[in-house]
2 protein chains.
Amino acid sequence: MDGSATTLDERRGALIARHAPTLGAAIDAVQTRKSWSPYSDSPSTKIHGPDKPGAGKAAFEARLGTTFDLGQPGVVGEVGEEVSPFTQKPLNIRYPKSDPDALVGAAVAAMGDWREADFELRIAMCLEIAARLYDRNFEMAHAVMHVAGQSYTQAFSGSGPNALDRGVEALAYAAKAMRDVAPSATYHRNFAGETVALEKTYVLVPRGVGLVVCCASFPTWNAYPAMFASLATGNPVVVKPHPIAILPMAIVVETSRAVLTEFGFDPNLVTLAVDTLAEPVAQGLVDDPRVQIVDFTGSPRYGGHLERTVTGKLLFTETAGVNTVVIESVADLDAVARAVARSSSLFSAQMCTSPQVIYIAPDLFDPLSAAIVEQIDAIANDPAMASGIMGTIQGEVSLTVVAEAQSAVADLPGVRTLRDPAPYAHPQFPDARTMTPLVVAVEDGSHVDLYAEERFGPVLFLVRKDAGEAVMEATDLARTKGSISSYLYSTDEDFIDRATPAYEAAGANLSINLTGAMWINFAAAYSDYHVTGLNPAGNACLADLAFVASRFRIVQRRRPAA
Amino acid sequence: MDGSATTLDERRGALIARHAPTLGAAIDAVQTRKSWSPYSDSPSTKIHGPDKPGAGKAAFEARLGTTFDLGQPGVVGEVGEEVSPFTQKPLNIRYPKSDPDALVGAAVAAMGDWREADFELRIAMCLEIAARLYDRNFEMAHAVMHVAGQSYTQAFSGSGPNALDRGVEALAYAAKAMRDVAPSATYHRNFAGETVALEKTYVLVPRGVGLVVCCASFPTWNAYPAMFASLATGNPVVVKPHPIAILPMAIVVETSRAVLTEFGFDPNLVTLAVDTLAEPVAQGLVDDPRVQIVDFTGSPRYGGHLERTVTGKLLFTETAGVNTVVIESVADLDAVARAVARSSSLFSAQMCTSPQVIYIAPDLFDPLSAAIVEQIDAIANDPAMASGIMGTIQGEVSLTVVAEAQSAVADLPGVRTLRDPAPYAHPQFPDARTMTPLVVAVEDGSHVDLYAEERFGPVLFLVRKDAGEAVMEATDLARTKGSISSYLYSTDEDFIDRATPAYEAAGANLSINLTGAMWINFAAAYSDYHVTGLNPAGNACLADLAFVASRFRIVQRRRPAA
């Protein structure tokens, strides 16, 4: 709170002023697509001071075994099924379960003041929520670790500042789209010799309640842009976390509600709709006519169902796809092997940008596949490195995915297991659910079915294939199964030039010849577009004007000028 | 063609340069919402010279009884069922019927070069098409008259420059949305002590084939923005005119194909899919997976079907609604009566902005209803004025609408017919299908069903109702049945202030206290937003960023900087 500002209006005005430089810089960043962030994604105490890491851990631990009270309406019971992938023990956090109908009703009731508020204030409120979440990011890192299974460093950065950046990026576009609408105009025109002068007013009106359905493995990254895009444009938000990964979103909702209350808005503009695997509530919310925007991140199965059935509402999805790497030729074999091995190991390939299929030109296949396995082994055999990179396996189901892949490849002609999956011993958490990648060599072209569907977990297929054919198959997979990130390695510029149109036509974002310190599957907010909307991986582009421009509508009135 | 430019590239460059001032002025206009147009909507020979009117009429007449050859692929026969509302005789124009599948296939085949073209060129091409259509506007006016039934002056202005303006407005937003995406960026960031430098390229990729389904009564007005928005963003367009109003869109498609050919593009980027009432082709095109954008203008019945069934595609609709006028108090009774009478008479109320229900406060009901009827009589009884304002009845079905309304009100208690409908004698076309408005007084509040659905034709209900209740009913109708234009008259600023939030909440664009020379239901491109998307009247806002921003997607590639 600004000490010098005393009235609510003054505090709100000060809030807009305080966040204006950040918003301005974010708008500049999305226009230039340069590297920028208002946050640091390093957990270093040199940046954050000596106290925050311990305080954040303590805040997380204090939650265990308690009831997470959000002060929401319509509470009808308590739920909570979270199990830490690091301890494989229940967190025993209970969340009040609200009647979804009551949450939507409360959201609608809260909407009036929010809709009436200056959109610059709504944006500043979201920036304030983001700032508070950044301040709580050590606590958030532990929360994400123990529901999603990400390593501490990844949870801190990828689910913290990197995710908040995607939210702020959406705010930049929301600002651009809403500022584009003149609030009023005076219109003069001659009709039949009479000069008509009209005053016109153009009012931005939100669509209705926004539903944000989060995934289990990376809940905050897609939630922030969806929440902020809807809130900034005047729509209240009901957050529906995955039933086995509630805590991070409960923290987000708690923070949002506190900021809303502090600045005089109804906290029911942001609520949490918890459920269980046995009794899901998402579909009821999707079907509620008051819900007018649905942002979904999760399985292709349910996402596809929404894409085939939701009409008359705005629907943004991010589901999954089959990400591929095509290796035609390399300048530095070890560097490419390392880039592929690291990206395939990061969070045990439980990321929407994780590669699953590595096409290798026949002349490179033997040395490169050996080098990739060697690099994966180097990570897997170093528990400290493995824990930092691979983290844990979020759900038991991903172990099943690995086991199914193992049995699918057994005894197939032309298919060999190059590397067996195995748990690694986590240095801090002896009971952690870990699994290093299964690596399979596919040297017979008839086994495309083995790898043509997403296998969500540490399963990597190395496919011996002519690079030209590989580009065709990779882009065909992108077009038909979806792809969020595709990768290409070649020293032949002509080959690259011939290949890129196929990726463009498949709507596949392409990284070419990336090696080095940056994870090749790192997507930078403000600079990298995420999800093209041109293939089955979804349509939620983070972020562009299309991600925000339809979340509000324009209603006008006009009358003779005074 | 620019005489000094000889190569294709030079001619294309000259085209961009030639239209740049128009585009710049259009962008300025949509940002300021001022009155602007690059065209004149008067048919005066002082503006257009002495030859154009006759030449346009002759061009129209030369079409009669001939086959309109567009040079399209997949021709399987000929159709043509148009009957002039002015002569009630068939036009006998035959249109080659192409297999819809062949048109979509040809559009896809044509798409490559168009997608690759600089979007500034695509926009300039659309501006050139608009300029050519403006040049042919006298011909277009006769074409619109004799299929849609609009008066000559309305056909010239409303279906000519006013419609082209809505198209150019969409081009302004397309330019804004596409220019917002940086074509490339250099990205620098430190990762683990290593400075990573990446070159990133952001490519705008169209979604697929755009289908534009046109209505019979006002075909060009919604077609231009839809066509231009899709074309500018790289999508080919298949135009599906109403089977009884083909000619105007055939002229549009012919003009578009000529311009495309002249500048080295495949003319199949714009094709015409004609059909008959007995064998409609729209649904097959909607269902074609290559069709990714649908712009529909027409009946609430089919529009609603599309809204309930189309998934995974971009759908823009404009259907209809129940437009209301609420009269609480008046400064000048005759001026209000005249404004209502004129707008209710214009094109015999066959416009999406025509009012249908006039709520009048009890104390004003008798004098105002008498004055409205008197003003309608003044138009109807002057054949020259009637022909200029009312034009004709587009379809026989609207005569049925009037007859049904007449029998519905007969002998109802509290309901009186204030004015019987009757043909007026058109001064130039003795066989014209004309009908002056039925005016019904509803003084019993229980008869809301009489006027709560759109009656598409010259039917006007004057409802005696307390103004506060009238606002509630009017906005409830807007919310549940749709509304494109709502009207309010009051001298009480407090009443206006209390009423406007209800209209906002219903997504109803509101004109307050409009009288005078401008038709109160005139919607000015660049200044007036049309269709809010917040009620059942449709979602095709003309025009805003949301109308264009999702018609293209962004695909990126990135690689180490050189």
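Predicted model: local features only at pLDDT ≥ 70, side-chain atom pairs only at ≥ 80, totals over all residues.
Lys465(B) lies in a loop of chain B, between strand 14 (459–464) and helix 18 (467–481). Is this lysine buried or exposed? Its relative accessible area is 10%. Because the cut-off for a buried residue is under 20%, Lys465(B) counts as buried. If residues up to four places away in sequence are left out, the residues that Lys465(B) touches are Tyr359(B), Ile360(B), Ala361(B), Pro362(B), Gly445(B), Tyr451(B), Ala470(B) and Glu473(B).

Helix 6 of chain B, residues 137–148, is mostly covered, with 12 of its 12 residues buried. Among them are Phe138(B), Met140(B), Val144(B) and Met145(B), and also Asn137(B), Glu139(B), His142(B) and His146(B). Just after this helix comes Gly149(B), which takes a positive phi of about 90°.

The next topic is the packing of one helix against another. In chain B, the axes of helix 1 (residues 8–32) and helix 5 (residues 119–135) come within 8 Å and cross at roughly 75°. Angles of 65 to 115 degrees count as roughly perpendicular, and helix 1 and helix 5 of chain B are therefore roughly perpendicular to each other. Helix 1 of chain B contributes Arg12(B), Leu15(B), Ile16(B), Arg18(B), His19(B), Thr22(B) and Leu23(B) to the contact. From helix 5 of chain B come Glu120(B), Leu121(B), Ile123(B), Ala124(B), Met125(B), Leu127(B), Glu128(B) and Ala131(B). By class, this contact has 9 nonpolar, 2 polar and 4 charged residues.

Finally, the two chains may be considered together. Two copies of a chain are related by a rotation about an axis and a shift along it. Here, chain B is superposed on chain A by a rotation of 180° with 0.0 Å of shift along the axis, and the RMSD is 0.0 Å. What is this relation called? It is that of a two-fold axis. The same surface serves both copies, since 100% of the contact residues of chain B recur in chain A.

Methods. Residues numbered from 1 in each chain as written. Chains lettered and ligands numbered in written order. Heavy atoms only, no water. Least-squares fit on C-alpha atoms with pLDDT ≥ 70 in both. Contact = heavy atoms within 4.5 Å. Axes fitted to C-alpha atoms, helices over the stretch in contact; angles between N-to-C directions. Helix = DSSP H or I, 4+ residues; strand = E, 2+ residues; numbered from the N terminus. Parallel < 35°, antiparallel > 145°, perpendicular 65-115°, else oblique. Nonpolar A, V, L, I, M, F, W, Y, C, P; charged D, E, K, R; others polar. Buried < 20%, exposed > 50% of the residue type's maximum accessible area, 1.4 Å probe, protein only.
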